[in-house]
Amino acid sequence: MKNVNHFFEHKKILTLILVSAFLWSSIRIFYTDQTLISYDGISTLFNFLWSVFYLDVTPEFLVICLKAVVQTILYAFGGLSLAIIIAIPIGILSSGTCIYNKYVNNTVVTTLRFVLACTRSIHELIWALLLVSIIGLSPMVAVLALTIPYVGILGRIFAEQLRDVPQQPIRLLLSNGASYTKAVMYGRIPLAMPNIISYIFYRLECGIRSAAIMSFIGIQGIGYQIHLSLLDLRFGQVWTGLICLTILVVVVDAWSSIVRKALTS
Amino acid sequence: MTGNLIDINNVSKYYGTSAALKDVSFKVGQGEILAIAGPSGSGKTTLLNMISGLSKPTTGSISISSQDIGKLKPGKDLANLVGMIDQQYSIIPELNVINNVLAGNLGNWSLFKSLLSLIYPLERGKVFAILKDLGIEDKINNKAAHLSGGEQQRVSIARLLVQNPMVVLADEPVSSLDPARAEDIMQLIRSKLVNTNRSVIITLHNTRLIQEYCSRLIGIKEHSIVFDVSANEINESMLKELYK
Amino acid sequence: MNKLSDSTVKNKYIIRISLISSVILSIISWGYVLFESRYSLPGLFSLHTVTETKEFISKLMGFEQNLSLAYQFNSWFELRHLAFETLLMSICSIGIAGIIALTTCIFASRNFHDDTIFGYSRPLLKLVYFIVRNIYSFTRAIPELILAIILMLFLTPGIWVAAIALAIHNVGVLGKLYSECIEDMDITALKSLQSSGARGWQLLSYAVLPQLLPKFLTYLLYRWEVVIRTTVVVGLVSAAGLGREFRLSFSYFHYEDLGLLLLWYIVLVIIVDLLCSLLRQFITVRY
């Protein structure tokens with residue numbers, strides 16, 4: 001433990017740095033010659049906010065919204081399911097627990113961790129843009145653009161969970177003659193399974209939101225619907241779409257917390 | 001007793017500069033039931049871990065049936081030689097009883113067979129017979145986490161029976177059980193696991209259980225052996241000295 | 001070990017039904033996606049894609065135009081202002097979000113309006129709780145991108161649009177995380193201090209802040225890592241920072257510029273990740 005004076009000095013300096021960084025960035029961003037709100041911005045703003053009372057709840061539009069919500073859910077599940085399937089073997093290999101040979105193990109683990117970090121860092125929309133340049137417009141692009149970063153996220157969590165399993169049952173399996181790989185199958189995976197499933201359901205909510213913004217490359221979904229209504233300046237429809245999206249996310253979030261609570265009890 | 005199965009030769013284990021075991025040597029023959037006693041932290045678990053091949057000695061060697069355990073990698077050879085059960089971690093709680101028992105085969109089964117058995121357990125009849133012998137055949141499809149402590153130890157004994165190793169190690173198998181269950185488990189160990197071809201090493205604290213069930217006692221205190229006697233030479237004062 | 005009980009059986013059902021319905025939904029999704037993309041699928045799995053990918057990557061790295069490494073490095077360096085702007089945007093938005101979340105999270109936590117802290121229930125606060133919680137849910141659910149497009153309707157295009165959009169969204173995220181921290185707070189220290197006569201500010205600084213502040217800062221840093229990745233994307237629509245250049249290069253098919261921008265993107269992400277892990281260590285050492 002450092003002595004008390006030293007401790008307090010560090011704390012003050014750190015807080016000072018953080019606060020000044022924040023203040024400076026805010027000034028740089030907001031202190032400009034241009035007026036923040038555009039020419040007829042105020043009237044548009046009020047128009048937009050007031051339109052919440054003119055929600056478009058006509059049956060035709062509600063059906064469109066419902067269809068769009070279903071499409072978003074389907075894209076999210078498609079992308080996540082593929083991500084899970086790919087992330088399982090990658091996660092197992094990159095956890096460093098199933099290969100006996102030390103050198104092979106280390107190379108495999110380092111390369112896979114690097115690959116996972118790369119795919120994880122790039123936002124799904126950027127992946128979508130890159131994939132569109134190669135493949136052209138296709139619904140598969142949306143699914144693949146969801147899959148690639150989620151493989152990175154899920155793979156890393158799988159590896160961590162497999163590593164952080166209680167060690168003693170694994171050692172006993174090994175002492176009973178199981179090879180490392182069999183110890184993974186019979187020991188690590190069953191022991192880590194509740195946590196892994198819990199995390200997958202947690203990511204489901206993120207997946208739905210990511211699927212919603214795939215509208216930018218023209219994929220049908222609730223995001224696309226909101227975008228269309230915005231372009232037409234039909235603010236009532238925009239509000240309906242936003243509320244549909246919120247309800248979808250809230251429902252998925254509630255479902256995921258129920259499942260996670262059931263898993264950890 | 002037909003020849004020595006386990007040969008422990010000047011084995012020491014150091015973690016950095018701190019010693020877990022200092023220069024331990026003894027031999028165990030076939031058919032012997034050896035008890036190891038000693039205060040917590042004296043090195044009993046370290047010794048058992050080294051005999052089972054889980055950790056390697058810093059100096060010295062351990063051989064079972066003339067094979068150097070330190071040189072074997074996890075797999076078939078190790079499975080046939082030695083198997084271990086433990087105080088509480090002998091089973092995987094999330095798996096079914098039948099899969100836990102069949103885990104004894106993992107040394108001998110191929111990867112594909114092991115995977116298949118997880119989905120559709122093979123050798124059901126054999127497992128059922130073993131479990132019936134142990135009195136828990138009705139739990140065969142239950143999740144192992146739902147069994148009581150005594151039942152779980154029976155599952156781990158069943159696993160050892162399936163694995164059929166030459167040496168059985170038991171690290172404090174009854175320490176967390178009440179006296180009646182502990183007696184049951186020791187009975188089972190004696191009747192099912194002990195035979196003339198096998199050696200059994202058990203870590204125990206209870207004098208009466210040692211005298212009743214074991215043929216030899218080694219006392220370990222402060223990382224070295226303090227005595228090595230046969231069962232009829234045991235008396236209370238030796239053990240009192242040991243745990244002082 | 002525990003025997004089967006009512007709640008365990010219920011939990012088993014919940015998990016089983018959720019897993020089965022997820023699998024069924026996934027199968028339906030794949031049917032739908034494959035059906036929708038039936039025209040483009042054969043092309044996807046052909047050799048054509050492989051060659052296209054190779055071409056694309058070489059275009060990204062500037063090989064097609066035979067640009068020298070020095071020229072590339074120069075162009076890359078010139079883009080540093082944009083990268084810096086993007087970094088500033090992320091700091092500003094996460095800061096604003098943090099401040100607003102910090103000040104409002106107390107109203108959104110259940111212990112504040114029921115009898116845990118003050119010993120009696122305050123119904124007016126229940127209403128505030130309801131409103132604040134729902135605002136959090138709403139701003140959390142709307143992706144930052146859509147928020148940015150909406151803001152573009154009435155704000156002049158520029159870096160502030162992205163900052164505000166990100167700030168609003170993250171207020172919801174951080175607010176929920178913070179209020180959950182408060183709900184899971186350890187009350188025993190608080191109660192014992194209360195009984196020895198401490199009031200208000202004393203309680204706050206001795207019992208509450210020491211446990212909450214490290215968690216709050218950790219969550220803030222964790223969100224910053226996410227925000228820096230999303231800032232570039234939001235910049236796509238709000239004509240700000242790296243995102244604006246991304247869009248332009250993409251529209252003009254200037255792939256070598258795209259490659260340089262991607263490089264800056266990765267550099268920014270690495271910098272922020274490193275800073276975050278450094279600061280995180282600092283927090284855990286301090287407390």
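**Walking through the chains**

Modeller: In chain A, the C-alpha centres of domain 1 and domain 2 lie 36 Å apart. Those domains cover residues 1-33 and 56-264, with bounds that come from an automatic or database domain assignment.

Biologist: What kind of model is this, and how are things numbered?
Modeller: This is a predicted model, in which local features need pLDDT of at least 70 and side-chain atom pairs count only at pLDDT 80 or more, while totals for chains, interfaces and linings use all residues. Residues are numbered from 1 along each chain as its sequence is written, and chains are lettered from A and ligands numbered from 1 in the order in which they are written.

Biologist: Ok, chain C next. How many helices and strands does it have?
Modeller: Chain C has 14 helices and 0 strands, where helices (H or I, at least four residues) and strands (E, at least two) are DSSP runs numbered from the N terminus.

Biologist: And how much of it is buried?
Modeller: Of its 287 residues, 35% count as buried; a residue is buried if 20 or more other C-beta atoms lie within 10 Å of its own, exposed if 12 or fewer, and partly exposed in between, with C-beta atoms placed from the backbone. Among the contacts in chain C with a separation of 6 or more, 73% are between residues 24 or more positions apart, a contact being two residues whose C-beta atoms, placed from the backbone, lie within 7 Å.

Biologist: I spotted Trp76(C). Which helix does it lie in?
Modeller: Trp76(C) lies in helix α4 (residues 69-78) of chain C.

Biologist: Why does Trp76(C) count as partly exposed?
Modeller: Trp76(C) counts as partly exposed because 17 other C-beta atoms are within 10 Å. Leaving aside neighbours within four places in sequence, Trp76(C) is in contact with Leu260(C) and Leu263(C).

Biologist: How many residues are in contact between chains A and C?
Modeller: There, 52 residues of chain A are in contact with 51 residues of chain C. On the chain A side, the elements giving two or more residues include α1 (4-30), α3 (59-94) and α8 (180-213). That side of chain A divides into 31 nonpolar, 18 polar and 3 charged residues; here Ala, Val, Leu, Ile, Met, Phe, Trp, Tyr, Cys and Pro count as nonpolar, Asp, Glu, Lys and Arg as charged, and the others, Gly among them, as polar.

Biologist: And which part of chain B gives the largest share of the side that touches chain A?
Modeller: In that interface, 28 residues of chain B are in contact with 21 residues of chain A. The largest share of the chain B side, 4 residues, comes from α4(B), and by class the side has 14 nonpolar, 9 polar and 5 charged residues.

Biologist: Switching to the inside of chain B, why is α6(B) described as largely enclosed?
Modeller: Helix α6(B) is largely enclosed by the rest of the structure because 12 of its 15 residues are buried, including Val155(B), Ile157(B) and Leu161(B). What covers these buried residues includes α5 (124-134), β7 (167-170) and α7 (179-193) of chain B.

Biologist: What happens just after that helix?
Modeller: Just after α6(B), Asn164(B) takes a positive phi of about 55°.

Biologist: How does β7(B) run relative to β6(B), parallel or antiparallel?
Modeller: β6(B) and β7(B) run parallel and are joined by 4 bridges, two strands being paired if DSSP finds at least two bridges between them. Met84(B) stands opposite Leu169(B) in β7(B). On to the next strand, β7(B) and β8 (residues 199-203) of chain B also run parallel, joined by 4 bridges, and the bridge partner of Ala170(B) in β8(B) is Ile202(B).
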